[in-house]
Amino acid sequence: MEKLLGSQLGLEDFIFAHVKGIKKEVNVYKSEDSLGLTITDNGVGCAFIKRIKEGSIIDAVKTICVGDHIESINGESIVGWRHFDVAKKLKELKKEELFTMKLIEPKKAFETEPRSKAGSSSTEKIGTGRETLRLRSKGPATVEEVPSEAKAKAIEKVDDLLELYMGIRDIDLATTIFEAGKDKGNPDEFAVALDKTLGDFAFPDEFVFDVWGAVGDAKRGGL
């Protein structure tokens, strides 16, 4: 069991045993602000590479693969970090400088394609029932009311924006962001609400305005 890295599987994830495999140390030159990397975690302190954007900086480093567990960045252990903290750390690395990552490639249960392309976003349909079961990495599963189609599309859009700006996908975080803005009258009020609720993320202004647009579309579509 000491070799088990994770156990949480998402609908759009590759299926990995997450048993420790090959250890790798890679040097990456950050020539652009965006690395083209999407991070996820298993809820118990292990961050993984979930998606690599085709043609990106990370895509050019062929030793880095979808499913790799990120152990450290520039010598600093990130074991125990959540995926958004890892994404923030990578985003804050200086441009035009070299950085080092220590990775652990998981042993795969069966052959899969080596890369997951960033162009495909989540398109799962919400059931036609009035309630849905939500499984959480922490705490018990809960039965919640199924959101309206307009709200579901808006939350999915926020999730897409999280990947674009922050390099993460987190439907629970996207829902929290949406809920913070649905009753606000303008983007300034929304920005204040976000700062109070999720100030540690330091979302860029462009992200806030784009999310506000998604919230506005949902309001016009009827929540």
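## Elements of the chain

Helices (H or I, at least four residues) and strands (E, at least two) are DSSP runs, numbered from the N terminus. By that count, the protein chain has 5 helices and 8 strands. Starting at the N terminus, their order is β-β-β-β-β-α-β-β-β-α-α-α-α.

This is a predicted model: local features need pLDDT of at least 70, side-chain atom pairs count only at pLDDT 80 or more, and totals for chains, interfaces and linings use all residues. Residues are numbered from 1 along each chain as its sequence is written, and side-chain values use heavy atoms, with hydrogens and water left out.

## Inside and outside

The protein chain has 223 residues, and 41% of them are buried (under 20% relative accessible area; exposed is over 50%, with a 1.4 Å probe and protein chains only). Take the contacts (heavy atoms within 4.5 Å) between residues at least 6 apart in sequence: 63% join residues at least 24 apart.

## A look at helix α4

Helix α4 covers residues 187–198. Its 12 residues should span 16 Å at 1.5 Å a residue (1.5 Å times one less than the number of residues). The end C-alpha atoms are 15 Å apart, which agrees. At the start of α4, a side-chain oxygen of N186 comes to within 3.0 Å of the backbone nitrogen of D188.

Which residues of α4 are buried? They are F190, A193, L194 and L198. Seen down the axis of α4, these buried residues fall within an arc of 100 degrees (taken from the directions from the helix axis to the C-beta atoms), so they line one face of the helix. On the other side of α4, D188, D195 and K196 are exposed.

Key: A polar contact is a pair of N or O atoms within 3.5 Å; within protein, one must be able to donate a hydrogen and the other to accept it, and residues adjacent in sequence count only if both atoms are side-chain atoms.
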